[in-house]
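User: Hi! I'm new to this one and would like a friendly walk through it. Could you take my questions as they come?

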Amino acid sequence: MIGWLQGQKIEDWQNGNRQGILISCGGIGYEVQIIPKQFSEFNLSGQIILWIHHIQREDGYYLFGFKYRKERDLF
């Protein structure tokens, strides 16, 4: 299970009502969904640290990223 990621923001993405960022960590790109109120805070380039909630279902794997650990824990 992934608990947090630290890396470089590569790009923003949006798919329907979902939005997020692609973050490069150790040469691997992770697509992480971001809640709308924090999406604008991650528009800066540079190092990003995200607390991750990892969901595994039959139809795929999903990563949700949060700026603060308390927000992730509430999710």
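Analyst: Happy to; below we go through the strands, the core and the salt bridges.

User: What should I know before we start?

Analyst: This is a predicted model, in which local features need pLDDT of at least 70 and side-chain atom pairs count only at pLDDT 80 or more, while totals for chains, interfaces and linings use all residues. Residues are numbered from 1 along each chain as its sequence is written, and side-chain values use heavy atoms, with hydrogens and water left out.

User: Okay, where is L63 found?

Analyst: L63 lies in strand β5, residues 60-66. Strands here are DSSP runs (E, at least two residues), numbered from the N terminus.

User: Is L63 buried or exposed?

Analyst: L63 is buried, because its relative accessibility is 12%. Buried means under 20% relative accessible area, exposed means over 50%, and partly exposed is in between (1.4 Å probe, protein chains only).

User: Which residues does L63 touch?

Analyst: Leaving aside residues up to four places away in sequence, L63 touches I2, Y30, E31, V32, Q33, I52, H53 and H54. Contact means heavy atoms within 4.5 Å.

User: Which residues make up the largest nonpolar core?

Analyst: That core has 11 residues: L5, I21, I23, C25, V32, I34, F39, I48, L50, I52 and L63. At least two residues come from each of β2 (18-25), β3 (28-34) and β4 (47-57). A nonpolar core is a set of buried Ala, Val, Leu, Ile, Met, Phe, Trp, Tyr and Cys residues joined through side-chain atoms within 4.5 Å.

User: Switching topic, how do β1 and β4 pair?

Analyst: β1 (residues 4-15) and β4 are antiparallel, with five bridges. Two strands pair if DSSP finds at least two bridges between them. β1 also pairs with β2 in the antiparallel sense, over seven bridges.

User: What stands opposite Q8 in β4, and what in β2?

Analyst: Q8 faces Q47 in β4 and S24 in β2.

User: And what about the hairpin of β1 and β2?

Analyst: Two residues sit between the strands there, and G16 takes a positive phi near 65°.

User: Last topic: how many salt bridges are there?

Analyst: The count is two, where a salt bridge is a side-chain nitrogen of Lys or Arg within 4 Å of a carboxyl oxygen of Asp or Glu. K9 pairs with D12, with the closest N and O atoms 2.9 Å apart, and R72 pairs with D73 at 3.2 Å, N to O.

User: Is K9 buried or exposed?

Analyst: K9 counts as buried because its relative accessibility is 13%, whereas D12 is partly exposed at 37%. R72 is also buried, at 14% relative accessibility.

Technical notes. Helix = DSSP H or I, 4+ residues; strand = E, 2+ residues; numbered from the N terminus.
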